Amino acid sequence: MTTHWTPDSWQQKLAQQQPIYEDPQEVQATLETLGKLPPLVTAWEVDRLRKQLADAAAGNAFVLQGGDCSESFDDCNAASILRKLKVLIQMSLVLICRSHQKVIRIGRIAGQYAKPRSAHMETRDGVELPSYRGDIVNRSGFTEKDRRPNPDLLLRAYERSALTINYIRALSEGGFADLHHPENWDLEFVRNTPGSRKYQELLERLSDAIRFMEVVSEAELEQLTRVDFFTSHEGLHLLFEQAVTRTDQRKRGSYNLSTHLPWIGDRTRAIDGAHVEYFRGIRNPIGMKIGPSMAADELLDLIRVLNPENEPGRLTLIHRFGAEQIGAHLPQLADSVHRAGLNVLWSCDPMHGNTQATRSGIKTRSFDDITAEIISAFRIHHEAGTRLSGIHLELTGEDVTECLGGPANLTEVDLQRDYRSQVDPRLNYEQAMEIAFLIAEQMK
Ligand code: PEP
Ligand code: CO
């Protein structure tokens, strides 16, 4: 692992979950085009996020990371982006006001287009086609044409990421989240739930605070009125990630400039695999998912490879065990990392360990399992002498019916009403807001 790193040194290792294209020359030509396009983020922004994450790991801020399981090209439109931004900003408002902590907002957005799949092929009614791997690789329709990995989609995904981040920047800088425009804070779908009543009360208190400047300190006001918004995606498709990696001479390092925070998925974190090789060499702050199959020794080895300088803010560990399993896995891992003196930021993904299928075969998650895992995560870190400094959620700003339970107590029947995700089930708007209140409670 101490061998020389280059943006393509991962190609000497085994790369899991990569699409197989028909025409390697076409792929090569596309990657060259991609490499010449302007970056989506700058090394300065990336460095700023790393510093902020170090601050969070030290107990001075909380990371709110969330968005779709997988973005879709069809949803790259103003209304959808606005709603995603809005729900994250409103959640952060709840966290800031209730916990009096800074919040770092990171979207699973502007590039979350590649998905790991459990099988390479999918069979329906005796027909076998390549699995859908996200809009950056192929399309979700079940025809041969749709499922053929198409290199052109690499460019289409990058362009949509650019359109998305451009709109986010315009909204953020144009005062979208400025408290002096309370219409931006209006909840659209949430009406008569406990969460909406709490939120309404909070807004009223806040408006008073803004008017009289009594409650909110100067630092808090600055946090509220200026919105920093960072992007993240799973760095899964390594040819793509390599093509968007730029070496910045002045900063003396290679940065993935398609996103601020790329992360390694739970299925691709093999220590001798291609993903770990790619990630160890980029200067971005990075995330790594941790599921139930992670052993303590393996985790320590991975941390040392991915963060050899033990740099604060560099590595975010996102654990996703499930409500039932977190108690059997997290205590030992947290304790080992703590005792080894390794600097990491701990975040909890209460989604991916809690996926289940209904009797009729619909993929869903229960709100109660999600909240149970969050509560356990806060408690276990507290007991281990570590700190839970972040949350990683799959959510949407829409009124979808994909997860069971929550304020409106959605049932299996409700799932048929508005289930839109092509991949994992997301929290809807009011479920997400309710989670924000729960986290704020736990942070205290
Ligand atoms: C995801 O975040 O969508 C995902 C696939 O998660 P994990 O790698 O934790 O399974
Ligand atoms: Co997912």
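This report walks through two ligand sites in a predicted model.

## Ground rules

Local features here need pLDDT of at least 70 and side-chain atom pairs count only at pLDDT 80 or more, while totals for chains, interfaces and linings use all residues. Residues are numbered from 1 along each chain as written, chains are lettered from A and ligands numbered from 1 in written order, and side-chain values use heavy atoms, leaving out hydrogens and water.

## Around ligand 1

Polar side-chain atoms reach oxygen atoms of ligand 1 from Arg320 at 2.6 Å, from Lys115 at 2.8 Å and from Glu394 at 3.1 Å. On its own, ligand 1 exposes 300 Å², and the protein buries 97% of that (Shrake-Rupley method, 1.4 Å probe).

## The cobalt ion

Ligand 2 is a cobalt ion, and its protein donors are Cys69 (SG), His352 (NE2), Glu394 (OE) and Asp424 (OD), at 2.1 to 2.4 Å. Donors are N, O and S atoms within 2.8 Å of the metal (3.2 Å for Na, K and Ca); with water not among the atoms, sites may look incomplete. Along the sequence, the spacing reads C-x282-H-x41-E-x29-D.

Cys69 sits in the loop between β1 (61–67) and α3 (78–99), and Asp424 in the loop between α13 (412–415) and α14 (429–443), so the pair ties together parts 355 residues apart in sequence. Those helices (H or I, at least four residues) and strands (E, at least two) are DSSP runs numbered from the N terminus.

Terms used
A polar contact is a pair of N or O atoms within 3.5 Å; within protein, one must be able to donate a hydrogen and the other to accept it, and residues adjacent in sequence count only if both atoms are side-chain atoms.
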